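Please look over the model below with a few selected regions in mind.

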Amino acid sequence: MEEEVRVGLRDQQVSKIFPVKPKSTAKRVSKSETTDSRYWSSFKPHSVPDLVSSVSALAFSPIHPPSFLGRRPLHHRLPLFLPLAFRLPSVSVPTALFSPHATSPVCLRPHKEPARFVKYPFQDKLHLVSGGDDGVVKYWDVAGATVISDLLGHKDYVRCGDCSPVNDSMFVTGSYDHTVKVWDARVDKSKWMAEINHGSPVEDVVYLPSGGMIATAGLNSVKVWDLIGGGRMVCSMESHNKTVTSLCVGRMGFDENRLVSVALDGYMKVFDYGRAKVTFSMRFPAPLISLGLSPDSSLRVIGGSNGMQTSLWSVNSQVEESRRRALRPSYFRYFQRGQSEKPSKEDYLVKERKGVKLTRHDKLLKKFRHKEALVSVLEEKKPANVAAAVMEELVARRKMIKCVSNMEEGELGLLLSFLQRYCTVQRFSVLLMALTKKVLETRAEDINGKEEFKGILRNLKREVNQEIKIQQSLLEIQGVIAPLMRIAC
């Protein structure tokens with residue numbers, strides 16, 4: 001029977017398979033949110049529709065509210081502003097200046113090849129700098145639409161440039177000949193001031209806010225250079241997988257600056273060049289070509305390309321807007337600010353002082369219960385300096401005689417015992433001898449009517465007589481020594 005059952009089980013075929021779901025593995029714990037990630041991820045994306053080609057350059061107006069201008073083929077332009085130099089597509093040679101008040105743009109034609117960048121100095125709006133595929137950097141007089149000087153030195157296409165934020169005569173240019181050159185418009189003979197070799201074709205170059213350092217982009221690397229230190233490389237960051245196409249300096253908060261880069265790998269990277277560290281990274285669905293940040297860093301525009309369709313992200317920062325809303329004393333949150341903040345490792349903790357615990361006689365003095373304060377000091381047998389301080393306070397308040405007059409016999413005995421013990425001590429003798437005289441005058445009847453008080457008075461008299469004898473002997477010694485000292489001198 002058992003053999004038949006075994007044979008039947010072996011012959012039975014499985015008609016259906018039920019897949020077993022594997023056990024779920026533990027999810028990776030995400031890193032704690034940093035200040036950079038919280039700030040840069042707070043921008044909300046808004047795509048600009050109807051763009052059919054790549055946006056290769058972006059620029060912002062220095063005037064609030066921030067307007068921006070972009071470059072793309074077919075002469076399609078975004079909203080314009082003045083003053084700003086706008087470069088035409090690479091298929092055309094001249095550089096054009098647009099003004100909302102003019103009927104037609106002013107064309108600057110001396111470039112023999114397409115113009116790749118045009119920059120105004122930060123403060124000087126009467127001149128501009130341009131560079132193009134002819135390898136020539138031109139310094140222009142905007143009012144006369146003429147070239148002041150041709151700056152020769154690059155051996156290949158000049159693709160980027162930037163003006164110094166601290167000196168309107170200084171600017172840098174980057175070329176496909178792997179070099180970045182520093183120019184000074186005040187120097188004749190078109191000679192560059194310094195030359196830096198990036199090691200690869202330079203796609204973009206920007207000045208850092210201090211004016212003494214620049215950042216360059218070429219291939220997949222971003223390098224920071226110290227111009228004041230002779231052009232030495234401070235750091236090199238190679239976090240992109242493809243060519244870095246654009247750089248920009250963004251302000252995070254009120255006093256922190258970050259270097260932002262975009263590349264053809266679709267990533268936007270935020271660098272803290274002070275620590276040479278990537279603090280934030282964001283992935284976009286298309287290769288990124290251009291980047292722009294408004295002067296107050298409240299608006300970020302990124303131009304990308306995905307075939308023939310371009311996505312442009314213009315985003316407002318909720319963090320920056322909230323920081324600009326100043327708290328006033330009329331707001332309830334004004335009095336609660338900072339209470340929930342936790343200190344970081346670099347903060348210096350100031351410990352709150354604990355309230356001073358007052359003694360019993362101090363509390364009684366605050367309540368103007370003068371006699372009780374004096375009695376408490378005498379009963380608790382505080383040090384002589386504490387009792388003397390309380391008596392000085394009562395004298396200053398002109399309440400000492402009243403306290404002595406209202407004392408009962410036991411309290412008066414405590415006071416007489418204190419006076420008998422310390423009235424001859426030099427530190428307290430002035431105060432206590434005067435007080436002893438007032439006590440004897442005020443409470444003479446009470447003192448004479450009790451034997452205990454008479455005994456204290458006898459001891460007090462003996463102490464005083466002994467002190468007088470000591471003082472007289474000291475005076476005699478002084479009389480003997482004084483002539484000797486005078487003779488010796």
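**Briefing on selected local features**

His 178 is found in the loop between strand 11 (170–175) and strand 12 (179–184), where strands are DSSP runs of E with at least two residues and helices are DSSP runs of H or I with at least four, both numbered from the N terminus. This is a predicted model, in which local features need pLDDT of at least 70 and side-chain atom pairs count only at pLDDT 80 or more, while totals for chains, interfaces and linings use all residues. Residues are numbered from 1 along each chain as its sequence is written, and side-chain values use heavy atoms, with hydrogens and water left out.

**Loop residues with positive phi**

- The phi of His 178 is near 75 degrees, a positive value in a residue other than glycine, and His 178 is partly exposed at a relative accessible area of 29% (buried means under 20%, exposed over 50% and partly exposed in between, with a 1.4 Å probe and protein chains only).
- Leu 219, in the loop between strand 15 (213–218) and strand 16 (221–226), also is not a glycine and has a positive phi of about 50 degrees; Leu 219 counts as partly exposed, at 45% relative accessibility.

**Helix 9**

- In helix 9, the residues Leu 432, Leu 435, Thr 436 and Val 439 are buried. They lie on the same side of helix 9 because they cover an arc of only 110 degrees around the axis, the arc being that of the directions from the helix axis to the C-beta atoms.
- The face turned away from the buried side of helix 9 carries the exposed residues Val 430, Lys 437 and Glu 441.
- The buried residues of helix 9 pack against several helices, among them helix 6 (384–396), helix 8 (409–422) and helix 11 (451–488), contact meaning heavy atoms within 4.5 Å.

**Lining of the second largest pocket**

- Helix 2 (35–40), strand 19 (256–263) and strand 21 (277–283) each supply at least two residues of the lining of the second largest pocket.
- By class, this lining has 3 nonpolar, 6 polar and 12 charged residues, where Asp, Glu, Lys and Arg count as charged, Ala, Val, Leu, Ile, Met, Phe, Trp, Tyr, Cys and Pro as nonpolar, and the others, Gly among them, as polar.

**Val 278 in strand 21**

- Val 278 lies in strand 21 and is partly exposed, with a relative accessible area of 33%.
- Leaving aside residues up to four places away in sequence, Val 278 touches Ser 239, Lys 269, Val 270 and Phe 271.
- Val 278 and Ser 239 are 39 residues apart in sequence, and 8.0 Å separates them in space, C-alpha to C-alpha.
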